[in-house]
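Have the sequence and the coordinates open while you read.

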Amino acid sequence: MKEPLSPPQAKRLIQDILANGEVVFSRHALSEMAKDDLTTVDCVNILRGGVVEPAEFENGSWRYRVRSQRIWVVVAFRSEKRLAIVTAWRSKQ
């Protein structure tokens, strides 16, 4: 897999991984989700229906923000069948 992916490519890969692959949550993501009262189901739903933003290179990997109106989820692809939710939060507005 050659990164960075365009937002439409990332969206397609996210959809494929949700259907046929594995989604894992980092310890940091779980901690941040708890602070904002978010569940793993909330995050998966954002991945299903959210808007993917252009990739950013951070901490040695490409990260993709996926957002809804009030919730943001940041993912990193580990392979074409596995993605990690790196962090997530609810906007305060």
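Q: Is Lys81 buried, partly exposed or exposed?
A: Before the numbers, a caveat: this is a predicted model, where local features need pLDDT of at least 70, side-chain atom pairs count only at pLDDT 80 or more, and totals for chains, interfaces and linings use all residues. Residues are numbered from 1 along each chain as its sequence is written, and side-chain values use heavy atoms, with hydrogens and water left out. The scale calls a residue buried under 20% relative accessible area, exposed over 50% and partly exposed in between (1.4 Å probe, protein chains only). Lys81 has a relative accessible area of 45%, so the label is partly exposed.

Q: Which residue forms a salt bridge with Lys81?
A: A salt bridge here needs a side-chain nitrogen of Lys or Arg within 4 Å of a carboxyl oxygen of Asp or Glu. For Lys81, the closest N and O atoms of the pair are 3.3 Å apart, and the partner is Asp16.

Q: How many residues apart in sequence are the parts that Lys81 and Asp16 tie together?
A: Helices (H or I, at least four residues) and strands (E, at least two) are DSSP runs, numbered from the N terminus. On that basis Asp16 sits in helix α1, while Lys81 is in the loop between β5 and β6. Asp16 is partly exposed too, at 29% relative accessible area. Because one partner is in a helix and the other in that loop, the parts tied together are separated in sequence by 65 residues.

Q: Which strand holds Arg82, the salt-bridge partner of Glu22?
A: The side chains of Glu22 and Arg82 meet at 3.0 Å, N to O. Glu22 is partly exposed at 40% relative accessibility, and Arg82 is partly exposed at 33%. Glu22 belongs to strand β1 (residues 22-25), so the pair ties together parts 60 residues apart in sequence, with Arg82 in strand β6.

Q: How far apart are the closest N and O atoms in the salt bridge between Arg67 and Glu53?
A: Arg67 lies in strand β4 and Glu53 in the loop between β2 (51-52) and β3 (56-58), so the parts they tie together are 14 residues apart in sequence. Arg67 is partly exposed at 30% relative accessibility, and Glu53 is partly exposed at 21%. The closest N and O atoms of this salt bridge are separated by 2.7 Å.

Q: How many salt bridges does a search of the whole structure find?
A: The pairs above are Lys81 with Asp16, Glu22 with Arg82, and Arg67 with Glu53. They are among the total for the whole structure, which is five.

Q: What is the nearest side chain of opposite charge to Arg63?
A: Lys and Arg count as positive and Asp and Glu as negative, with His and the chain ends not counted. Arg63 lies in strand β4, and its side chain makes a polar contact with that of Ser61 at 3.1 Å. (A polar contact is a pair of N or O atoms within 3.5 Å; within protein, one must be able to donate a hydrogen and the other to accept it, and residues adjacent in sequence count only if both atoms are side-chain atoms.) Arg63 is buried yet has no salt bridge, and at 4.4 Å the nearest side chain of opposite charge is Glu58.

Q: How many bridges join β4 to β5?
A: Two strands pair if DSSP finds at least two bridges between them. β4 and β5 form a hairpin with three residues between them, and Arg65 stands opposite Val74 in β5. The two strands run antiparallel, and the bridge count is four.
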